[in-house]
Amino acid sequence: MTQKTFLIKAVVLVSLISMLLSCFCACSEQDPYAEIHPVPLQEGVNLTALFLHHEGMAMEPYYILKTTEQGICLKMTDRSPLEFVQQDTKISPYIDGFDRVMEGEKAQLHTVNDSGLLQDIEGVISQYGALRWDGFDRSVSKGNTLDSGDRYELYFELSDGSTVTVNAYNCYPAGFPELLIEIQDIFHTQMESAQ
């Protein structure tokens, strides 16, 4: 084997090894939102407010929860609370108007005095690791398709003052669809029992 052939083979081998190493390194820097990692709430910390929405080919309700001295207020509405934000409010715009039906809004309100409801929702938040999702703000384009796409929104507040905000389009953290379905089921069950 000539020295030139040996050098060519060495360069090809080094290139292959380099490509393999870069592949392995890229795989190890995996997206932190790609897998479900349960995260329990800290001892003594409770959910105090929640806003949840998914919009796809059909418009789904906006789900709002706020704890008050009177109990746990639940609201399912066809309008985003962001449409009704008042400038002087001290409440997060995601849950503004949680306790009333605004003009032109179709909504169901229900107050629950069962702490088990709050524990169920906190369990869902913990199970899917939603505490890790704060700041998830991503959008994935579907090219020239104009009538497709899914928007995912989540906001919640905890009694220690911390908040989690998720805004996503055509993508979401692992566990979001399951969290969405389970919390929607809890809301619908409560609203049906109120009728």
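1. Helix α2 has 13 residues and, at 1.5 Å a residue, should span 18 Å; its end C-alpha atoms lie 18 Å apart, in agreement with that value. The expected span is taken as 1.5 Å times one less than the number of residues in the helix. Helices (H or I, at least four residues) and strands (E, at least two) are DSSP runs, numbered from the N terminus.

2. The model is a predicted one, in which local features need pLDDT of at least 70 and side-chain atom pairs count only at pLDDT 80 or more, while totals for chains, interfaces and linings use all residues. Residues are numbered from 1 along each chain as its sequence is written, and side-chain values use heavy atoms, with hydrogens and water left out.

3. Confidence is expressed as pLDDT, the predictor's confidence in each residue, from 0 to 100. The chain averages 84, and 79% of the residues score at least 70.

4. In α2, the buried residues (under 20% relative accessible area; exposed is over 50% and partly exposed in between, with a 1.4 Å probe and protein chains only) are Gly116, Leu117, Leu118, Ile121, Glu122, Val124, Ile125 and Ser126. An α-helix has 3.6 residues a turn, so residues three or four places apart point the same way. The buried residues of α2 pack against β1, β2 (59-68), β3, β4, β6 (151-158) and α3 (176-194).

5. At its start, a side-chain oxygen of aspartate 114 reaches to within 2.8 Å of the backbone nitrogen of glycine 116. After the helix comes glycine 129, with a positive phi near 70°.

6. Strands β1 and β2 pair in the antiparallel sense over six bridges; two strands pair if DSSP finds at least two bridges between them. They form a hairpin with three residues between them, and leucine 50 stands opposite leucine 65 in β2. Strands β2 and β3 also run antiparallel, joined by seven bridges. Their hairpin has two residues between the strands, and threonine 68 stands opposite glycine 71 in β3.

7. Four salt bridges are counted, each being a side-chain nitrogen of Lys or Arg within 4 Å of a carboxyl oxygen of Asp or Glu. In one of them, arginine 138 meets aspartate 31 at 2.7 Å, N to O. Arginine 138 lies in strand β5 (residues 136-139) and aspartate 31 in the loop between α1 and β1 (47-55), so the pair ties together parts that are 107 residues apart in sequence. Arginine 138 is partly exposed at 33% relative accessible area, and aspartate 31 is partly exposed at 31%.

8. Which residue forms a salt bridge with lysine 75? The partner is glutamate 105, at 3.1 Å, N to O. Glutamate 105 lies in the loop between β3 (71-77) and β4 (107-112) and lysine 75 in strand β3, 30 residues apart. Both glutamate 105 and lysine 75 are buried.

9. Arginine 79 forms a salt bridge with glutamate 83, the closest N and O atoms being 2.7 Å apart. Arginine 79 is partly exposed at 24% relative accessibility, and glutamate 83 is partly exposed at 48%.

Definitions and conventions. Contact means heavy atoms within 4.5 Å. A polar contact is a pair of N or O atoms within 3.5 Å; within protein, one must be able to donate a hydrogen and the other to accept it, and residues adjacent in sequence count only if both atoms are side-chain atoms.
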